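User: I'm new to this one. Could you walk me through how to read it, a feature at a time?

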Amino acid sequence: MNDHADLHTLTAAYALDALPEHELLLFELHLVACPACREEVEDLAAAVVELATSQPIQAPAAMRSRVLGLLASIPQS
């Protein structure tokens, strides 16, 4: 990763703790000087927490039946 612009594409991977060590170090140096990436990482981290702590909901029975019925009419190839 040599291109500074490419560092801006790593915010989601960083928020998910999914960067390899060499990119992690480069990105953390980049974060010091890039308020836009810091803000995006904060927003993504908040979304990760929200998703991790959310509770699943059941679809209404009528919706489930309708969707399953429609699936039968879709050609499978």
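**Reading the features**

Analyst: Let's start with Leu 26, which counts as partly exposed because its relative accessibility is 36%. Buried means under 20% relative accessible area, exposed means over 50%, and partly exposed is in between (1.4 Å probe, protein chains only). Leu 26 lies in helix α3; helices (H or I, at least four residues) and strands (E, at least two) are DSSP runs, numbered from the N terminus. Keep in mind that this is a predicted model, where local features need pLDDT of at least 70, side-chain atom pairs count only at pLDDT 80 or more, and totals for chains, interfaces and linings use all residues. Residues are numbered from 1 along each chain as its sequence is written, and side-chain values use heavy atoms, leaving out hydrogens and water.

User: How far apart are Leu 26 and Leu 7 in sequence and in space?

Analyst: They are 19 residues apart in sequence and 7.9 Å apart in space, going C-alpha to C-alpha. For another pair, take Leu 31 and Leu 16: 15 residues apart in sequence, 15 Å apart in space, again C-alpha to C-alpha. And Gln 55 and His 22 are 33 residues apart along the sequence, with 35 Å between their C-alphas.

User: Is Leu 31 buried or exposed?

Analyst: Leu 31 counts as buried because its relative accessibility is 10%. This residue is also found in helix α3. For what surrounds a residue, look at contacts: heavy atoms within 4.5 Å. Leaving aside neighbours within four places in sequence, Leu 31 is in contact with Tyr 14, Cys 37, Arg 38 and Val 41.

User: And which residues does Thr 11 touch?

Analyst: Not counting residues up to four places away in sequence, Thr 11 touches Phe 27, Cys 37, Glu 40, Val 41 and Leu 44. Thr 11 is found in helix α2 (residues 11–15), and it counts as buried because its relative accessibility is 3%.

User: What about loops? Where does Asp 17 lie?

Analyst: Asp 17 lies in the loop between α2 and α3 (21–33). It is exposed because its relative accessible area is 67%. Now for the backbone: most residues other than glycine have a negative phi. Phi of Asp 17 is near 55°, a positive value in a residue other than glycine. For another loop, Gln 55 is found between α4 and α5 (61–72).

User: Which residues make the nonpolar surface patch?

Analyst: Patches are made of residues with over 30% relative accessible area and no salt bridge, with like charges joined within 9 Å and nonpolar side chains (Val, Leu, Ile, Met, Phe, Trp, Tyr) within 5 Å. A salt bridge is a side-chain nitrogen of Lys or Arg within 4 Å of a carboxyl oxygen of Asp or Glu. Here Met 63, Val 67, Leu 68, Leu 71 and Ile 74 make a nonpolar surface patch of about 430 Å²; accessible areas come from the Shrake-Rupley method with a 1.4 Å probe, and for residues only the protein chains shown count as cover. Ile 74 lies in the segment after α5.
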